[in-house]
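Trainee: Could we walk through this model together, one question at a time?
Mentor: Gladly; have a look at it here, and then ask away.
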Amino acid sequence: MDVVLDNLDDYLEAMRTTAILTVVSFAVAMAIGVVIATFRVSPVPPLRLAGTVWVEALRNTPLAVLFLLFFFGLPKVGILYSPLVSSLIILSMYTSTYVAETVRAGINSVSRGQAEAARSLGLTFVQVLAGIVMPQALRTVVAPLGSVLIALIKNSGIASTIAVMDLTGLARALGDSTAQPVATFAGAAVGYLILALPAGWGVGVLERRVAIKR
Amino acid sequence: MKARAPVTASFLGDQLGPRGRRRVRAASVVSILAIVAILVVAANRLGDKGQFADNLWRPLRQWSVLNFLLSGLVLTLKAAAVAMVIAMAIGIVMALGRLAKNRPIRWVSGAYVEFFRAMPLILLILFCWLGLRQQGLDISPFQALVLGLSVYNGAVLGEIFRAGVLSLDRGQSEAASALGLGYWQSMRAVILPQAARRMAPAIVSQLVTLLKDTSLGYVINVDDALRRARDTGTFYGNHLQAFALMALCYILINLALSRLANYLEVRQQRRLGAQRIDVGGVEDLAVVGAQASVQA
């Protein structure tokens, strides 16, 4: 365990990187996901199709393939970002599909009467969705979105394959240089638990607070 | 039972009037133009950089190269299949452990499930490879990959099985013991078969996740589909094309499996009425759970 304590600063820095990957990607994924979910329930067929293609294509491709495609493939067409920014983009896109599917399920859970009442008051599609349906939908899917967030914390480790120094990347590098991989990986495991457990509790608190009592 | 609208259906149930139809038509035209514009820009970009050049695509039509990639894909599928079988076994043991009367057993299996479910899979796979080898274990990359996948998915499937057992009516086990069946007999003949059938959609959807995760073998040099796509890309200078082909393979396989999961889900609901599959922390299951709870 000395390896971990000797490199505690590096571990804290790596935890910060993992936290940044998670928080930023989740925020962007929420934004994209809500838009895609809107596309998928909209009355406009081309938008519905675009939403479906986005979700099915990204969700069914392994994250590792996306990382390699982005990192080795896109520079060939002149698109080149730093490893951290690339990771943020990929994680956001990938996670947005899970957010979209979850939010869509939430939208469908809102009882039809709500939308019908709003329509009969003369609200437009966007007004109905943004003002009436979406707020209720998001409240019902706090717990599943929490699962998506925790999965994202774990998925962010794949960023280490393109040389991002997150917890996984650090454990690997330190394991190589000190020849004590067991200890360095155990340190990373603790780091992930420190990040994931409070996230889980936070989601639980939020869920209780926003739950709709009926 | 009330007919349920499919999840894909628009929630706006009302018939559009003439003005609404005009608006939708206008929006359709605009969005088609926007989508076409995006595609044209992307295609132009690819064309400008010569990515449609035949010398980059030709290798992917040669049988020798395709064979090289496909046999990598077979190895990927093999790893997924072996890991799935082992993970199912671990999962059943862990589910029974967490449901056991004996407190230490419950505690140990609970700790296993909670710990491994919280770990990034890539960390586990790297640990199985670097850590175990360092401890003097002679393990191949393929074995390390299968071990990591099994240990992780064993924990996830353990939760799935447990949720399945808990979803059964208590009358099932009571009736079994009233008939004089012992614990193991009732588990084997009454409880587990029903639980497994009930959880079939969740199990298949976890199989999709596992299959995707098999690509992580790439980081420990398993000679799988992804590694071979990269080798092909390096050799012919067509990374973009090789990875795109790989992505397409994964998408097709996973779409087929997702279809199966959906089919099972629908059949399940028709027969038993909808039920929520409450297994947290796993993205694909989060979606299944959300949809199930919505349809309930």
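Mentor: One definition to begin: a residue is buried if 20 or more other C-beta atoms lie within 10 Å of its own, exposed if 12 or fewer, and partly exposed in between, with C-beta atoms placed from the backbone. This is a predicted model, where local features need pLDDT of at least 70, side-chain atom pairs count only at pLDDT 80 or more, and totals for chains, interfaces and linings use all residues. Residues are numbered from 1 along each chain as its sequence is written, while chains are lettered from A and ligands numbered from 1 in the order in which they are written.

Trainee: Is L226(B) buried or exposed?
Mentor: L226(B) sits in helix α10 of chain B; helices here are DSSP runs of H or I with at least four residues, strands are runs of E with at least two, and both are numbered from the N terminus. Within 10 Å there are 28 other C-beta atoms, so L226(B) is buried.

Trainee: Which residues of chain A does L226(B) touch?
Mentor: Two residues are in contact if their C-beta atoms, placed from the backbone, lie within 7 Å. Leaving out residues up to four places away in sequence, L226(B) touches S215(B), Y218(B) and M246(B) in chain B, and in chain A it touches A64(A), V65(A) and L68(A).

Trainee: And how does L181(B) count?
Mentor: L181(B) is in the loop between α7 (170-178) and α8 (183-198) of chain B. Beyond its neighbours within four places in sequence, its contacts are A176(B), S186(B), A189(B) and V190(B). Because it has 17 C-beta neighbours inside 10 Å, L181(B) counts as partly exposed.

Trainee: Which element gives the largest share of the side of chain B that touches chain A?
Mentor: In this interface, 57 residues of chain B are in contact with 61 residues of chain A. Elements giving two or more residues to that side of chain B are α1 (18-48), α5 (121-134), α10 (225-236), α11 (239-272) and α12 (283-295). The largest share, 10 residues, comes from α11(B).

Trainee: How many residues on that side of chain B are charged?
Mentor: Ala, Val, Leu, Ile, Met, Phe, Trp, Tyr, Cys and Pro count as nonpolar, Asp, Glu, Lys and Arg as charged, and the others, Gly among them, as polar. That side of chain B divides into 35 nonpolar, 16 polar and, for charged residues, 6.

Trainee: How are α9(A) and α10(A) oriented to each other?
Mentor: The axes of α9 (residues 167-178) and α10 (residues 181-210) of chain A come within 8 Å and cross at roughly 165°. Axes are lines fitted to C-alpha atoms, for helices over the stretch in contact, and angles run from 0 to 180 degrees between N-to-C directions. Angles under 35 degrees count as roughly parallel, over 145 as roughly antiparallel, 65 to 115 as roughly perpendicular and the rest as oblique. The pair α9(A) and α10(A) is therefore roughly antiparallel.
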